Amino acid sequence: MSHPRRLPHPLLPLAALAALAACDEGPATVTPYMHAAGTLDFLAAATRNEGPLYLEINGTPFTAEGDGLETRLIAAMERALQTRVLRLTTEQAEAEDPQFRLVVVFNPPDKGELLAFCAAQPAGGPPQDTARVDLRAGFCRDDDLLAAVDGWVVDANGSDDPRFEQLMHQTARDLFARRRNDD
């Protein structure tokens with residue numbers, strides 16, 4: 001017995017295209033480098049007494065960003081880890097172990113050599129395209145790179161935009177993993 005051939009719904013191709021277009025807006029992250037042992041043990045060493053990790057922010061993600069970027073960035077990244085308490089500070093003197101730092105560079109005009117990121121970290125810049133925010137984040141021990149994440153998002157309207165918060169959440173999750181394949 002033959003069954004009649006069912007034609008796809010006429011809006012299905014449009015829905016698929018809309019979904020692909022949404023993917024092009026991000027947020028998206030990629031991890032171009034991760035220490036072979038992962039980074040969660042390094043994070044545990046840097047914050048063994050649950051003290052804060054130093055966070056250095058370079059560049060400006062948005063043209064009209066007012067006060068509050070640091071606070072929103074810290075809040076989004078601190079909530080990212082479920083396996084370890086993550087506390088961040090932008091005051092280097094408050095860090096539990098000054099040997100370690102988390103560096104976030106927004107809109108770097110030149111990302112430079114990946115493995116030299118911590119030693120010769122690129123300067124951040126103003127938004128190059130008002131619709132897109134690019135970043136490179138690195139977890140550093142002195143001048144050694146332990147992990148790096150590149151990310152971007154399109155059409156986020158400020159640091160309180162949920163899509164920007166998701167970018168920062170994904171960045172922290174990708175930086176602090178047991179192994180490169182950890183979810």
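1. Aromatic pairs. The count of aromatic pairs comes to 4, where rings of Phe, Tyr and Trp (its six-membered ring) pair if their centres lie within 6.5 Å, and planes under 30 degrees apart count as stacked, over 60 as edge-to-face and the rest as tilted. One of them is edge-to-face, because the rings of phenylalanine 62 and phenylalanine 164 have planes at 70° and centres 5.0 Å apart. Phenylalanine 62 lies in the loop between strand S2 (53–58) and H3, and phenylalanine 164 in helix H4, so this pair ties together parts that are 102 residues apart in sequence.

2. Basis of the model. This is a predicted model, in which local features need pLDDT of at least 70 and side-chain atom pairs count only at pLDDT 80 or more, while totals for chains, interfaces and linings use all residues. Residues are numbered from 1 along each chain as its sequence is written, and side-chain values use heavy atoms, with hydrogens and water left out.

3. Phenylalanine 62 and phenylalanine 164 are both buried (under 20% relative accessible area, with a 1.4 Å probe and protein chains only). Phenylalanine 164 also pairs with phenylalanine 106: the centres are 5.9 Å apart and the planes at 35°, so this pair is tilted. Phenylalanine 106 belongs to strand S4 and phenylalanine 164 to helix H4, so the pair ties together parts that are 58 residues apart in sequence. Phenylalanine 106 counts as buried because its relative accessibility is 0%.

4. Helix H4. Helices (H or I, at least four residues) and strands (E, at least two) are DSSP runs, numbered from the N terminus. H4 covers residues 162–175; its 14 residues reach 20 Å from first C-alpha to last, close to the 20 Å expected (1.5 Å times one less than the number of residues). At the start of H4, a side-chain oxygen of aspartate 161 comes to within 2.7 Å of the backbone nitrogen of arginine 163.

5. The buried side of H4. Its buried residues are Phe164, Leu167, Met168, Gln170, Thr171, Ala172 and Leu175. The elements covering them include strands S1 (28–34), S4 (100–106), S5 (132–141) and S6 (144–154), together with helix H3 (69–78); contact means heavy atoms within 4.5 Å.

6. The disulfide. The model has 1 disulfide, defined as a pair of cysteine sulfur atoms within 2.5 Å. Cysteine 118 is joined to cysteine 140, with an S to S distance of 2.0 Å. The pair links distant parts of the chain, 22 residues apart: cysteine 118 is in the loop between S4 and S5, and cysteine 140 in strand S5. The link is left-handed, with -80° about the S-S bond. Both cysteine 118 and cysteine 140 are buried.

Note on methods. Buried < 20%, exposed > 50% of the residue type's maximum accessible area, 1.4 Å probe, protein only. Polar contact = N/O pair within 3.5 Å; in protein donor to acceptor, adjacent residues only side chain to side chain.
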